[in-house]
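Hi,

Here is the structure I promised to pass on.

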Amino acid sequence: MSEQQSQDKHQQRQQKVKEQVDAKVAAADIEKGILQVITGNGKGKSTSGFGTVARCVGHGMNAAVVQFIKGMWECGERNLLEKAGVPFAVMKTGFTWETQNRETDTLAAQETWAIAKEWLKDERIDLVLLDELTYMVSYDYLDLDEVISALENRPPMQSVIITGRGAHRRLKDLADTVSEVQNLKHAFEAGVKARKGFDF
Ligand code: ATP
Ligand code: MG
């Protein structure tokens, strides 16, 4: 095949791709807030959620962050985003994987959820990140029906991101966009310590 023929063939193929993409773009004309669930065992769920918060704030829009698990380390994103005016609600008691006290954890989860619920009614907030919410549902700290109802009744233009492993089927069913981050390998499994500025 001559150089010219190969170039023509490439152009024809790209033209076809462009027509298909243009048709899909034209067909996607619904304006509404998006509910995204980011789940799975791989690394990159919370960072993805925070990336979208940064994207939102970068456009001069309003985002709010609810963290249902306070990590062992300070949160780099929080340090940055609070300076940019993003409100954070962080669950007290520092609930971690080795949860000890069901009663105080449930109370703390519900206190944090109360703030989340207010934000899920506030149409001035364009994006709410519910980081690690999935565990609150798995542990039965929050009532799934209540969570679903708050999500369904939120302002129509408000977007919400839920992160955490093992997202409940009903959360995935309700979501518009669901991403599952698969773990192929993780440095931690090879003994590498969590790094400031990378893992937290
Ligand atoms: P990140 O906050 O880095 O986006 P994540 O939200 O996807 O991670 P979590 O399940 O919330 O992952 O885990 C929080 C912490 O555990 C992070 O410090 C992260 O680097 C680490 N981590 C994530 N995935 C794995 C994994 N597969 N094995 C070990 N540690 C992990
Ligand atoms: Mg996370």
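Glu132 sits in the loop that links β4 (127–131) to α5 (133–138); helices (H or I, at least four residues) and strands (E, at least two) are DSSP runs, numbered from the N terminus. Its phi is near 65°, a positive value in a residue other than glycine. Most residues other than glycine have a negative phi. Asp140, in the loop between α5 and α6 (144–152), also has a positive phi near 65°.

Are these two buried or exposed? Glu132 is buried, at 14% relative accessible area, while Asp140 is exposed at 57% (buried means under 20%, exposed over 50%, partly exposed in between, with a 1.4 Å probe and protein chains only).

A quick word on the source: this is a predicted model, where local features need pLDDT of at least 70, side-chain atom pairs count only at pLDDT 80 or more, and totals for chains, interfaces and linings use all residues. Residues are numbered from 1 along each chain as written, chains are lettered from A and ligands numbered from 1 in written order, and side-chain values use heavy atoms, leaving out hydrogens and water.

Now for ligand 1. Which side chains make polar contacts (N or O atom pairs within 3.5 Å) with ligand 1? Asp199 has a polar side-chain atom 2.7 Å from a ligand oxygen, Arg165 has a side-chain N or O atom 3.0 Å from a ligand oxygen, and a polar side-chain atom of His186 is 3.3 Å from a ligand nitrogen.

Cheers

Methods: Polar contact = N/O pair within 3.5 Å; in protein donor to acceptor, adjacent residues only side chain to side chain.
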